[in-house]
Amino acid sequence: MENPKIILVFSGKRKSGKDYLCEKLKCMFKNPTRNNKVQIKLGEDKCCLLRISEPLKRVYARDHNLDLEELLSDGPYKEIHRHNMIKWSEEIREKDPGIFCKAACDKVSDVPIWIVCDIRRKTDIKWFKETYGELVKSIRISADIEVRKDRGWIFTKDVDDAPSECNLDDFEYWDLQVSNNSSEDSQNALKKILELVPEY
Ligand SMILES: Nc1ncnc2c1ncn2[C@@H]1O[C@H](COP(=O)(O)OP(=O)(O)OP(=O)(O)O)[C@@H](O)[C@H]1O
């Protein structure tokens, strides 16, 4: 197997900035600058973003006659359906914990760097580690509760206290933990994340 060469898997509470940092990272890989050796060597089409929630939402939308694009976007539609979607996915995961991880990876094109934006459970990490071993680097993003509130987070029962949000709270084996409260934080975080990426 030629690719992937590295898989960066991201976890964090709602509105901690998972999508924000992953999108920034993708841009950095796509638009190399002269300031960073890693980026100089990479450039166009070396990296892809994966979301475990994508196949989950695709099947949920199909089976419940919902608008997939709306479900994939970051607006109120997703929040309205989040609770029922979580319940539905729990039942499926009970039978096969890696089902959505595998479905997300099956769609990836032949690129060396995979960025998985939404790891939510120990079983997700287990599946990635068992499937891809040392290529997997796990990153936990944190942000203060007040910052998350400013970004639109509102505590929602059966969402914020559900396993999809809390299962990794006590996970201790992160390759990297970063905070993302400010743009300065995000710059520092991106720098540290890039250090995990080998040169080719
Ligand atoms: N460092 C930052 N500086 C400025 N804005 C940020 C930063 N990090 C995140 N944001 C903004 O905060 C909001 C929430 O971020 P994001 O969608 O990435 O969170 P998330 O962890 O993916 O949330 P969810 O789990 O709900 O999808 C977005 O509008 C994003 O642009």
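Predicted model: local features only at pLDDT ≥ 70, side-chain atom pairs only at ≥ 80, totals over all residues.

Residues are numbered from 1 along each chain as its sequence is written, and side-chain values rest on heavy atoms, with hydrogens and water left out.

Two packed helices are described by the angle between their axes and the distance between the axes. Helices (H or I, at least four residues) and strands (E, at least two) are DSSP runs numbered from the N terminus. Axes are lines fitted to C-alpha atoms, for helices over the stretch in contact, and angles run from 0 to 180 degrees between N-to-C directions. Angles under 35 degrees count as roughly parallel, over 145 as roughly antiparallel, 65 to 115 as roughly perpendicular and the rest as oblique.

Helix H1 (18–30) and helix H10 (183–195) have axes that come within 11 Å and cross at roughly 60°. H1 is therefore oblique to H10. The crossing of H1 past H10 is right-handed; a crossing is left-handed if the near helix is turned anticlockwise from the far one by less than a right angle, and right-handed if clockwise. On the H1 side, Tyr-20, Leu-21, Lys-24, Leu-25, Met-28 and Phe-29 meet Ser-186, Ala-189, Leu-190, Ile-193 and Leu-194 of H10, where contact means heavy atoms within 4.5 Å. The residues of this contact of H1 with H10 comprise nine nonpolar, one polar and one charged. In this classification Ala, Val, Leu, Ile, Met, Phe, Trp, Tyr, Cys and Pro count as nonpolar, Asp, Glu, Lys and Arg as charged, and the others, Gly among them, as polar.

Helix H3 (53–64) and helix H5 (76–95) pack at an angle of about 100°, with their axes 10 Å apart. H3 is therefore roughly perpendicular to H5. H3 contributes Leu-56, Lys-57, Val-59, Tyr-60, Asp-63 and His-64 to the contact, and H5 contributes Lys-78, Asn-84, Met-85, Trp-88, Ser-89 and Arg-93. By class, five residues of the contact of H3 with H5 are nonpolar, three polar and four charged.

A further pair is formed by helix H6 (residues 99–106) and helix H7 (residues 122–132), which pack at an angle of about 50° with their axes 9 Å apart. H6 is therefore oblique to H7, and H6 passes H7 in a right-handed crossing. Cys-101, Lys-102 and Cys-105 of H6 make the contact with Asp-124, Trp-127, Phe-128 and Tyr-132 of H7. Five of the residues in the contact of H6 with H7 are nonpolar, none is polar and two are charged.

On a 1 Å grid over the protein atoms alone, a cavity is a set of points where a 1.4 Å probe fits but cannot get out, and a pocket is an open set with protein on both sides within 12 Å along at least five of seven lines; lining residues have an atom within 4 Å of a point. Grid points are joined across faces, edges and corners, and a volume is the space filled by probe spheres set on the points.

The largest pocket holds about 750 Å³ of space. Of its 35 lining residues, Lys-18, Asp-19, Lys-78, Arg-82 and Arg-120 are the closest to its centre. H1, H3, H5, helix H9 (163–166) and H10 each supply at least two residues of this lining, and H5 gives the most, with six residues. The lining of the largest pocket has eight nonpolar, eleven polar and 16 charged residues.

One cavity of 30 Å³ or more is counted, and the largest cavity has about 50 Å³ of space. Among the residues that line the largest cavity are Ser-11, Gly-12, Arg-120 and Glu-165. Strand S1 (6–12) and H9 each supply at least two residues of this lining.

Two loop residues other than glycine have positive phi values: Lys-15, with phi near 65°, lies between S1 and H1, and Asn-65, with phi near 55°, lies between H3 and helix H4 (68–72).
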